[in-house]
Each structure stands twice: as structure tokens, then as C-alpha cells.
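Good morning, and thank you for coming. Please look at the sequence and the structure first; I shall then go through some of the contacts.

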Amino acid sequence: MEEVDVEPTVTNIPEIRHGKHMGFAWGPGDILVYETHFKPSGYTLSGPGGSFIHKVRKDEDINSPILRKLFNESHHIFVGLQTINDDLPSKSKRPQFVSISRNYRSVIRACMEELQQVAVSTRDTEKGTQYGNQVSILLAIELIWNLCEVLFIDAAPAGSLLLHLLDWVRLHKADVDEKAKDVLQSDSPAEHHNYWDVVVSYVLQGRLEEARQMLVKQATLQPASRNMYKLMDSLLSKMPFYNPGGTQTLTEFDVKWRNWHEEVDRYLKDNTFASNRHLELICKILVGDEDTLLEQKELLSTWYHFLVTRLLYSHPTVKPTDLHYYAQSCLTMFLDSRSVQEPLDSILLAAFEFDIYLVIKDCSIVLNNWWFVAHLTDLLDHCKLLQSHNLNFGSNMREFLLLEYASGLFTHHSLWQCAVDYFDHCPELGRACLELQIERVPLDTERKALKVLRICEERQMSEQVRSICKIMAMRALRNNRLGSALSWSIRAKDAAFATLISERFLQDYCAKGTFSDLDLIDNLGPAMLLSDRLTFLGKYREFHKLYGEKRFKEAAKLLLSLMTAKIAPRSFWMTLLTDALPLLEQKEVIFSADQTYELMYCLEELTSSLDTAASGGERPMQEEDVEQTKVELLRLSLARNLAMAIVKEGTVET
């Protein structure tokens, strides 16, 4: 058995006693756990067994209303990504991929802000903690995604790379802006206790223009040190930053930066700022003094902020391939021997080492759902960065993660519709998984069933279409909704079930004397050919319409054909013959002599079978008397009609 990367989390199941045997059943997104009566050897237990079934769910986020917005919004971005033309070269598509990556991050950030608001406003401590944890997870996700965007998707070269990393740090170290706001809103900003923390934080983040503006406030309070502040302002203003869109080459920028760096170093060695410890500290930061930077741990707060600041003031033209050396050394320097390396640190370090697969693997282990790894892997795959990595069990990494994520969505009552698109874009195993998952969607309402059915029909999943229609037809039949049941059985093309429901329609007609769901029966069209009984039902209803429109001859011809062509069930012949009585009693002759003979033949055939049934004693005496009366009336009417028909036909011939 393959070794696990981390020890699995222990989940305590309440009310299951030590030594008791547990049974379980796997579900798509959770496990059902229950106590059994099985007794392992060595244990003696007294008392009754547990009476509860416990539901253990891995992914709680799927039930969060706010995070559902993340799933829904990212679904639209995912579908849009799949439409990008694969034939175009990767370089020409890079701006599109960067834009899509930023769209994903904006959705994460919007959810994060909403969660923060809810966490602050809620009075439930437990809920507040839960929301706070979700915010922390989303912060980490956005941090990792942003770094992957810089290193892998945008693939920034030397020079531009540091500018992107500065933006990355600034975005995820926003507490300095809150401090700056408090300082600037105070009566005397330059004397505020956080003033120098804000200035130094600005310098650490490379926000030198803002640092200069803050220093002006201090310079006005200290006229004697004005020249010193003016010199520092000059150094900050002269620090060169690489401009990717400019005419300056990277080499020219490097020369200019080194000249500036030597100038700052010269002022530091000359003790120009020795009389002002704050300005001297800033000067030491500008020359990239590592000990000074490490003294600012509280303001830097993270090793990766330390890394970016160190690169800014020591190696601004760092190449992507050299990043991992600096990252590893900064992590080692920043974390003391007592500090434990967090999973986030390992993931970021793997990203700086350009080990995409380790990033995805560690995120899969640490995070509690597949959303992040599925969408990031899909985007990286479109960037052609995962082409060489296939798994041993059938699908590549992208498809495997998308299938896992989509399977989780299918456990939710509304998100399952989003999951369909994810399966659609998994060419190898997506359809097979969709066929299995779609059968598990609970068909709570007819509206939901129609949604599922439409999805199956669009994808020509004929087996699933039949299955859904049969389930809905059976449910409608149990609720005595014959019209709906017939409609579903026709849609399923289930001849046997359509026959059964047609029988029920005919039984209802015999009992009530009227048809229910006339609109459906009137508009059967070619669907009536699905089964003989359904054909009869449709034609029999047609007979009633012709009779109602007083088109007696056509009605008589149709009625007779239903019996002579053996379309009508034998059990219904008496009803048909009874329906013929009003036509036989008309003043005008409706049935011809030949048609009357055929009706007589049908009646005699029917009476012979009735006599056989009567001799077997299968029916009550009262029912037999009623049938006998009907037969006598029919014989009388047929004889009278035959006589009239012969006279009429003979008169016409002469």
C-alpha cells in the first residue's frame, strides 16, 4: 500500500463506545457511520447498541451560502476559459490567461470581503469563528494563486518579476494602509506613536513616494534636521525602478541601480544619518542590510515579505531560475529554530522552486475541498504547463481534479447543475462519471426532473432519459395523475408502461363515463403508435370527438374498425357496442348492411365468451343480468338497423 503524505485527521464519532464495531457506507461527498452488533474477540460489552446513523462530511464549505457564490461565479469563468482556441500559440493567449486568472482572484476576494463583514456582524461566537477560519483559508488561497499567476501564468522575466512580486506583497500586506489612515487622521501625524512604523513599512514595501510624503511632515517639525531629511528625500526619489515598457534595457537599469546603491552605501559609511536613528534605519534598509531587515520582523510579519524586500534592495534584476535560492535562505533566516514551518510556507516555497506539481499536491492535502486545485490546474493546463504529467489510472491530473470537484458539487441540491459543465470538459472519463452521478440526483419535483432530463437529452444519454421518465411516470401513477404518467411514459418510449396507463384511462372512463386529461389524449399524434392500447385510446377519443361533432358516419366507421382490426381489447367490446346504440337508433341509417353484419358478428363472438365466463361462475348474478339486458337491446337495435339498411340499399339500387 502506498504511504500517505500526512497523517489523516481523526474524527471522533459521538456516542460510539470504545470497542464497538462500526459499519459505514461511502457516499459521493460523505460517509454514513453506524454502530453494529458485531463483537470482536477480546471485548465484552453490555447494554444496547447505538441507534444513530452519523453523517461524516468532508466538505462543509459547499453548504455555505457565501461560498456558493464562489462556486457559481467561478463556474462561469471556467466555461469561458474552455472556449479559448487551442490552436493559437501560447504566447498570444497569455494576456487572456492572465485576465482569467485575475477574474478568479477577484471572485475569491469578493467572497472573502463578504465573509469578513458577516464574521464581524454575527453575534454567534461559533459562527464568527467558522467565518474567520474561512476568511483565513481564502486569504491563503488568493496568496498562492497570485504567486502562481506571477511565476507560471504571466511568467514575468527578470526586471518585471520583482515589480510583480512587490504588487503581490503589497496586496497581501494591507495593514500598513490602516495604520497610515489612523496616523494621518490624528491631530499631529508626525508625533503619532505609529508614525515611524508606517514610514518604515512603506520603505519595506518599496512605496517610496508615500514614504517621502510622510517624511515631509516630520521635516517640518525639525527645522534643524531639514537638510538631513532633504537628503533622504533625494535618495528615495532617485531610486531607479525598472520600466518594462520603456526604452531602457535591463543592463542599463542594473548599472543605474548600482550607482544609486553605491551612493546610499557611501552616505551610510560616512555616518551622514547617525544623528537620527530612524533615518539611519531607512538608509540601512535601502542598502539591503540583512541584519537590519531581520530586526523588522514585526513589520515584515512573513518570510516572503522579507524575501521581496531583500530582493528589492539587493538583487532587483533577479532571474526566475534563481528565486528558489533566495526563497530558501530567507525562510531559514526568518524562521528561528523554535518556529514550525507551516503548510503555507511549504506551498509557497514549492512555487518559488517552480515545482507546480508539488504546489498542487500540497494544496490538495491541506485544503478541505477541490475548488482551488481543480481551477488552478485547469488554467495551468491551458497554459501548456502540465502536458508531461499523466496519472497511472486513466486520466491526466487536470481531469482527475475536475472530476473530484464536480463529484462534490453533485451532492448539493443546486450546484449539481454547475458540475455538469465540468464533466463535459473532461474528455476521457467525464461522460461516464456524469452518467453515474446524474442518476443520483433526487428528482424532488417535476421541474427538477425536466432540468435533469434536458441535460440528458442534450447529451444523448438515452439510458438515463428512459430511467428518469420511468421514475417520474411511476410516481405520477402512484399519485393517480394519469395524464402526467402517460406523458412521461411516452417520453421514455416505454410501450409496456404506456399500455398499463392506457388501461387505467379506459378503466376510469368505464367507471366515470368521461376522460381525464383530454388535452393530452387529443394531441397524442404519432406517439399513439407506441403501443396498441395507446393507439386504441387515441382512436377511441377520436370517435368521441366525431360523435360530438355529429359526423356520425365517420364515427361509425372508426368504431367498427376498432373492433374488426382487433385494436380494441376484447374486454372493451361491450362498451364499444354500447356506444354504437345511439348510432343504431338514429332516424337516418348510419351503419350499412355489411357494417351491421360485422357488428352482429362481433356481438355473437362476445356473447359466446360471456356465456363461457358465466358457466364458469366467475361473475355475480346481478352483473350477468345487466350484461344480458345489454345484449338483448343490441340485438334488437341491430336487427332493426339491418332491416332499415336493406330497405334503404334496395331502394337505392332500384
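I begin with L32, which is found in strand 2, residues 30-35. Strands here are DSSP runs of E with at least two residues, helices are runs of H or I with at least four, and both are numbered from the N terminus.

Please note that this is a predicted model, in which local features need pLDDT of at least 70, side-chain atom pairs count only at pLDDT 80 or more, and totals for chains, interfaces and linings use all residues. Residues are numbered from 1 along each chain as its sequence is written, and side-chain values use heavy atoms, with hydrogens and water left out.

L32 counts as partly exposed because its relative accessibility is 35%. The terms are these: buried means under 20% relative accessible area, exposed over 50%, and partly exposed in between, with a 1.4 Å probe and protein chains only.

Let us turn to salt bridges, of which the structure holds 27. A salt bridge is a side-chain nitrogen of Lys or Arg within 4 Å of a carboxyl oxygen of Asp or Glu. One of them joins the side chains of K69 and E114, at 2.8 Å from N to O. This pair links distant parts of the chain, with K69 in helix 1 and E114 in helix 2, 45 residues apart. K69 is partly exposed, at 40%, and E114 is partly exposed too, at 25%.

Another salt bridge is formed by R212 and D233, at 2.7 Å from N to O. R212 lies in helix 7 and D233 in helix 8, so the pair ties together parts that are 21 residues apart in sequence. There is also a network of salt bridges, which links R102, R105, R109, E142 and E149.

Now to helix 20, residues 430-438. Which of its residues are buried? They are G430, L434, Q437 and I438. These residues cover an arc of only 90° around the axis, which puts them on the same side of helix 20; the arc is that of the directions from the helix axis to the C-beta atoms. The buried residues of helix 20 pack against helix 18, helix 19, helix 21 and helix 22.

Finally, S395 is found in the loop between helix 17 and helix 18. S395 counts as buried because its relative accessibility is 3%. Leaving aside neighbours within four places in sequence, S395 is in contact (heavy atoms within 4.5 Å) with F400, E428 and L429.
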